[in-house]
Amino acid sequence: MHPDLSPHLHTEECNAIIRQLLNCHKEHPVKKFIGACDEYNTAMNKCFKKEYHIRLQANKEKTEARRKRMGLAD
């Protein structure tokens with residue numbers, strides 16, 4: 001299962017891949033079940049993973065800055 005595909009939640013790179021996947025599903029309504037669109041699905045999952053790691057790093061940096069500001073940093 002994948003996360004919400006709403007455009008405002010993802011980068012333009014991921015949105016382009018999502019559009020390709022959805023177009024593939026429209027063009028191949030039956031073949032999508034036997035792997036016709038797997039390449040787009042794999043690319044989308046890789047893009048989502050990259051987005052996740054970017055958000056993770058940004059949150060880590062914000063947390064460290066907050067800890068320093070509060071005097072809790074080691």
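Biologist: Which residue, just after helix α2, takes a positive phi?

Modeller: This is a predicted model, in which local features need pLDDT of at least 70 and side-chain atom pairs count only at pLDDT 80 or more, while totals for chains, interfaces and linings use all residues. Residues are numbered from 1 along each chain as its sequence is written, and side-chain values use heavy atoms, with hydrogens and water left out. Helices are DSSP runs (H or I, at least four residues), numbered from the N terminus. Just after α2, the residue that takes a positive phi, of about 80°, is G71.

Biologist: How far apart are the end C-alpha atoms of α2?

Modeller: The expected span of a helix is 1.5 Å times one less than its number of residues. For the 33 residues of α2 this rule gives 48 Å, and the model agrees, because the end C-alpha atoms of α2 are apart by 48 Å.

Biologist: At roughly what angle do the axes of α1 and α2 cross?

Modeller: Axes are lines fitted to C-alpha atoms, for helices over the stretch in contact, and angles run from 0 to 180 degrees between N-to-C directions. Helix α1 covers residues 12-27 and helix α2 residues 38-70. Their axes come within 9 Å and cross at roughly 155°.

Biologist: How are α1 and α2 therefore directed, roughly parallel or roughly antiparallel to each other?

Modeller: Angles under 35 degrees count as roughly parallel, over 145 as roughly antiparallel, 65 to 115 as roughly perpendicular and the rest as oblique. The two helices, α1 and α2, are therefore roughly antiparallel.

Biologist: Which helix do the buried residues of α2 pack against?

Modeller: Buried means under 20% relative accessible area, exposed over 50%, and partly exposed in between (1.4 Å probe, protein chains only). The buried residues of α2 are M44, C47, F48 and E51. They pack against α1.

Biologist: What is the relative accessible area of F48?

Modeller: F48 lies in helix α2. Leaving aside neighbours within four places in sequence, F48 is in contact with H2, P3, L5, H10, C14 and I18. F48 counts as buried because its relative accessible area is 9%.

Methods:
Contact = heavy atoms within 4.5 Å.
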